[in-house]
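Colleague: Can you walk me through this one? I'd like to start with how parts of the chain touch.

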Amino acid sequence: NSTNGCRIRLSCFVVLCARRRLAKPQVNQVCAAKKSSQSAGLVLAEEHLEDPRLGIYKTNTRNEELEQIETYKQYLEEEALKAIGASAGTPCSVDVHYSWACLERLYSALELGRGMILGSILLPAKNVSPEQLGLVRRIGEFGSGFSQCGTTCGTPKCSNAGFLVFQATSNLIDAGLAIKGSRKNFCRFVVAFASKKLSNLKGPFLVINEIASSHSLGQILRTAYHFGIDSVILSTAAWQLLDSRAMRVSVGWGYHMEFHVASSLHEALRELQYLGIGLFAECNESKDFAEPIGPSAEADWALLLGCESCLDSDAGNALEISHVR
């Protein structure tokens, strides 16, 4: 009996020790995540929520934060204009983009000198692979600094100017850094880019006036890029739909394209025609369809989409438009 009692007490001791060993990592899970982020050179998001470089990701912002965030966005806009030599007042987009595929496409576009500005990156708390961290480090070389942090927490990393990579220690949605329904394991990043001069774009061209949604625009951009078109002329209405959703649907290929926002599509089309660019519009009713374009003129054309209302006017009628199915 005494032997059995000793065995029972020994078994209980072994089980207790095993439970303590299993429980210890759970207690230190958050600390381990912090150490991992710090060793990788990342900034813990939840400890720097007052930083406007992180505030731009927040789903709910206080009124006193909005001015700092707006200052940060203006800074990125100015950097985007400087990157392409554009003047003040040129249309510019500053938005939070997302997905690892888009970040990878953005990196290759920056390597090609596409003139986009990367503001910061926000990583999820979990499931970031070594390959993805390697991508973050490489693309960080193109990151933009920011000298007016405006934070009040006073920590060195928060007050220093420069490009930052944030990482959450909890679920991005629970932390208020991503909207409900979004992908929890997606990275997020801030991108700024501006409209380029029409004279800086090279054919072939895609001209878009009316488009149903950002999703539709992204689908068109992805298809156009794979057909060799990377110069896009947009109406002001279409430019408003060139957001992070459109870039995501384009699987990031939109970063490899160059955009011109035309305040007047008639003027832009007249300029293309003056340069010898053939204008082709989709039309299912016309019987006089254009002949296929030969290889010798493969860059001397522009395809017009959603431009029916634009062409159905005196200014539109003055243009020489060929119709394609």
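Predicted model: local features only at pLDDT ≥ 70, side-chain atom pairs only at ≥ 80, totals over all residues.

Colleague: Fine. Which residues in helix 5 meet helix 6?

Modeller: From helix 5 come Trp 100, Leu 103, Glu 104, Leu 106, Tyr 107 and Leu 110. On the helix 6 side they meet Gln 132, Leu 135, Val 136, Arg 138 and Ile 139.

Colleague: How many of those are nonpolar, polar and charged?

Modeller: The contact of helix 5 with helix 6 has 8 nonpolar residues, 1 polar and 2 charged.

Colleague: And at what angle do the axes of helix 5 and helix 6 cross?

Modeller: At roughly 35°, with the axes coming within 10 Å. Helix 6 covers residues 130–139. The crossing of helix 5 past helix 6 is left-handed.

Colleague: Let's zoom out. How many helices and strands does the chain have?

Modeller: There are 13 helices and 11 strands. The chain has 325 residues, and 43% of them count as buried.

Colleague: What share of contacts joins residues at least 24 apart?

Modeller: Take the contacts between residues at least 6 apart in sequence. Of these, 79% join residues at least 24 apart.

Colleague: New topic, charges. How many salt bridges are there?

Modeller: The count comes to 9 salt bridges. As background, side chains of opposite charge can pair when their charged atoms come close.

Colleague: Which residue forms a salt bridge with Lys 58?

Modeller: Glu 65 does. The closest N and O atoms of Lys 58 and Glu 65 are 2.7 Å apart.

Colleague: Is Lys 58 buried or exposed?

Modeller: Lys 58 counts as buried because its relative accessibility is 17%, and the cut-off for buried is under 20%. Glu 65 counts as buried too, at 6%.

Colleague: Where is Glu 65, and what does Glu 65 touch?

Modeller: Glu 65 is in helix 4, residues 63–84. Leaving out residues up to four places away in sequence, Glu 65 touches Leu 49, Glu 50, Lys 58 and Asn 60.

Colleague: Which residues are linked with Glu 65 in a network of salt bridges?

Modeller: Glu 50, Lys 58 and Arg 62 are linked with Glu 65 in that network.

Colleague: How exposed is Asp 230?

Modeller: Asp 230 is partly exposed, with a relative accessible area of 25%. Arg 114 counts as buried, at 17%.

Colleague: One last pair. Which residue meets Glu 258 in a salt bridge?

Modeller: Lys 196 does, at 2.7 Å from N to O. Glu 258 is in strand 8, residues 258–262. Lys 196 is in the loop between strand 5 (188–194) and strand 6 (205–208). This pair also links distant parts of the chain, 62 residues apart.

Colleague: Are Glu 258 and Lys 196 buried or exposed?

Modeller: Both are buried.

Definitions and conventions. Residues numbered from 1 in each chain as written. Heavy atoms only, no water. Salt bridge = Lys/Arg side-chain N within 4 Å of Asp/Glu carboxyl O. Buried < 20%, exposed > 50% of the residue type's maximum accessible area, 1.4 Å probe, protein only. Helix = DSSP H or I, 4+ residues; strand = E, 2+ residues; numbered from the N terminus. Axes fitted to C-alpha atoms, helices over the stretch in contact; angles between N-to-C directions. Left-handed = near helix turned anticlockwise from the far one by under 90°. Contact = heavy atoms within 4.5 Å. Nonpolar A, V, L, I, M, F, W, Y, C, P; charged D, E, K, R; others polar.
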